[in-house]
Structure formats: structure tokens, C-alpha cells
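Here are my notes on this one, as numbered points you can follow with the model open.

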Amino acid sequence: MTMGNDLKPPPLTAGDALFLDFDGTLAGLQEDPDTVFLAPGLGKVLENISSKLNGALTIISGRDAEDLSGRVPTGLWRIGNHGLIELAPDEVPPEERASAPDAVSGAFRDISVRFAGTRVETKGPILALHYRQAPEAVAGIELALAEAGLSDAGYRVQHGKFVFEAKPETAHKGKAIARMMGTAPFAGRRAVMIGDDTTDEDAFEAVNQLGGLTVKVGAGDTFAQYRLASVETVHEYLKELAGA
Ligand SMILES: [Mg+2]
């Protein structure tokens, strides 16, 4: 990873395939993730852009697909669970979810008990340990997770904004995008990924390899080629295409 530059991205075009992260990209982060929603009118903007792109617009998130579908227009493509669940326009999320191996869920439970103020979220086989209420515990949690040896269970741990997530290797935003870019209506278009957090870096690497355009939202090291300062500047950038 390199120090990201501060170049403003070039304009989007009708020949693009857009992949947009949700939290911290389309909608501002909140203390309580349940209270994060699109700004009024933004859903309509996204639908307009999707029409311009012949449907090649996807919201790609670490949220569970069901949760994500309650926050964005369901007429859009949606990828939930960091790429594990892919929903076509108007497709309903499956009810069944795989679950994490006992070794992984047990380790997460134990660590959450050890560090007061942390909370475990289960998203099918993905487990998230939120520590926004206990930021001073970050080093201790990181060490405990490293000692838990989750890679033996085929899992990798990623550190995002006030969260550690344990995911099977298949839960990977970059792999999901590479798969989708091989099929209609995405194939043949320029892939564009906009995101703000650690798991988006997987997507940036994949889209860079595809010759696409990658945009990091906010500060921090990144593989992305370009940067937008905030959620508000993402909205302005998207609206340039919506209005074009
Ligand atoms: Mg995000």
C-alpha cells in the first residue's frame, strides 16, 4: 500500500460500471450503525445513474445483504456480506446463512467478554467485533485475535473503522467485483470502485488490475488512484453523472 494521493478523479461516464461502498462512502458513519441511511433524494439519484449505466451500478457492503437491502433502493444490484451474497435488481435476500466454525465464533465470544464495551455482530459466516465504545482496548483486542489463530480455520481478520472482522477467504469485495465484471450488464465496461475502509482495499486492488478507476473516500493510506474528501464530495461527484 502506498500513501494515497489527493488527485480528484476524472468524470464518470456512461460506459462505466459503478461499485459503491455504503457506510462512510454513500452515507456518513454514525455511532450506531442502525441509524445510517441514505440522505433524502440520494436513492433516486442512484436509480437515475443506474439507468444511465444500463443497470451497471452495485452497492457493495460488508453489511448483511438483508440489512443493506433495507437501506438502498432494491431495484439496484446489491452485494452484501463482503461479497458472499450477490443480489440482482429486485432479488430478495436468501433466508439461510452459513455460519462461522465454532473455533472462530468461540474466540470472538471470549474476546468480547474480556473487553468490556465490545459487541459481536454475526453476518452469516462473517463475525464483526465492534469496539467503538471501548477504543482504548484496540491493542489488546488485536493481540488476542492474533493469538486466537483464526487462519487455521481458513479465516482472515481485517481491521476496519472501530471494528475487527473475521471472514472466510471467499468473503472478498475484490473477488466479487472480478466475478461480476465477467457478466452482463457489467462486462465490457470500465470498473469504478469508491470506498472508504480496509475491506475496500481488496476491491481497489482488483479494480486496478482490471484497468479501472479507484477512489478512496477520506484520509489514510490506500491502493486507490484518486481521492474524494468526504461523503458530501462523493455525492457531488455522482450527481455530475446523474445530471449529465
Ligand atoms: Mg465503508
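1. Start with the overall layout: the C-alpha centres of domain 1 and domain 2 are 25 Å apart. Keep in mind that this is a predicted model. The domain assignment puts residues 16-95 and 171-243 in domain 1, and residues 102-168 in domain 2. Where the two meet, 12 residues of domain 1 are in contact with 11 residues of domain 2.

2. Now look at strand S9, residues 190-195. Of its 6 residues, 5 are buried, so S9 is largely enclosed by the rest of the structure. S9 pairs with strand S1 (residues 16-20) in the parallel sense, over 5 bridges. S9 also runs parallel to strand S10 (residues 213-217), and 4 bridges join those two. Another pair to click on here is Val192, which stands opposite Leu213 in S10.

3. How many residues of S10 are buried? The count is 5 of 5, so to speak a mostly covered strand. In a regular strand, side chains alternate between the two faces of the sheet. In S10, Leu213, Val215 and Val217 sit on one side, with Thr214 and Lys216 on the other, and all of these are buried, which leaves both faces covered. S10 also runs parallel to strand S11 (residues 226-228), joined by 3 bridges. Lys216 has Arg227 as its bridge partner in S11.

4. With 12 residues at 1.5 Å a residue, H6 should span 16 Å, and its end C-alpha atoms are 18 Å apart, which agrees. Its buried residues are Thr199, Asp200, Glu201, Asp202, Ala203, Phe204, Ala206 and Val207. What covers them? The cover includes S1, strand S2 (57-60), S7, H5, S9 and S10. Just after H6 comes Gly211, with a positive phi of about 80°.

5. Then there's the other sheet to check. Here 4 strands make an open sheet in the order S5-S6-S8-S7, with antiparallel pairing. Strand S5 (119-123) and strand S7 (155-160) are at the edges with a single partner strand each, so one side of each has no neighbour in the sheet. On average, neighbouring strands in this sheet are turned by 20° against each other, direction ignored. S5 and strand S6 (residues 126-130) run antiparallel and are joined by 5 bridges. As an example, Val120 has Leu129 as its bridge partner in S6.

6. A few backbone spots are worth a second look. Most residues other than glycine have a negative phi, and most peptide bonds are trans. Asn54 is not a glycine, yet has a positive phi of about 60°. Asn54 is in the loop between helix H1 (42-52) and S2. Asn54 has 14 C-beta neighbours inside 10 Å, so it counts as partly exposed.

7. Asn81 is another non-glycine with a positive phi, about 55° in this case. You'll find Asn81 in the loop between strand S3 (77-80) and strand S4 (85-87). Is Asn81 buried or exposed? Asn81 is buried, because 26 other C-beta atoms lie within 10 Å, and the cut-off for buried is 20 or more.

8. On the peptide bonds, the one joining Ala184 and Pro185 is cis, with omega about 0°. Pro185 is in the loop between H5 and S9.

9. Last, a quick note on Lys175, which is in helix H5 (residues 173-180). Lys175 is partly exposed, with 17 other C-beta atoms within 10 Å. From Lys175 to Ala229 it's 54 residues along the sequence and 26 Å in space, C-alpha to C-alpha.

Conventions. Residues are numbered from 1 along each chain as its sequence is written. This is a predicted model: local features need pLDDT of at least 70, side-chain atom pairs count only at pLDDT 80 or more; totals for chains, interfaces and linings use all residues. A residue is buried if 20 or more other C-beta atoms lie within 10 Å of its own, exposed if 12 or fewer, and partly exposed in between; C-beta atoms are placed from the backbone. Two strands pair if DSSP finds at least two bridges between them. Axes are lines fitted to C-alpha atoms, for helices over the stretch in contact, and angles run from 0 to 180 degrees between N-to-C directions. The expected span of a helix is 1.5 Å times one less than its number of residues. Two residues are in contact if their C-beta atoms, placed from the backbone, lie within 7 Å. Domain bounds come from an automatic or database domain assignment.
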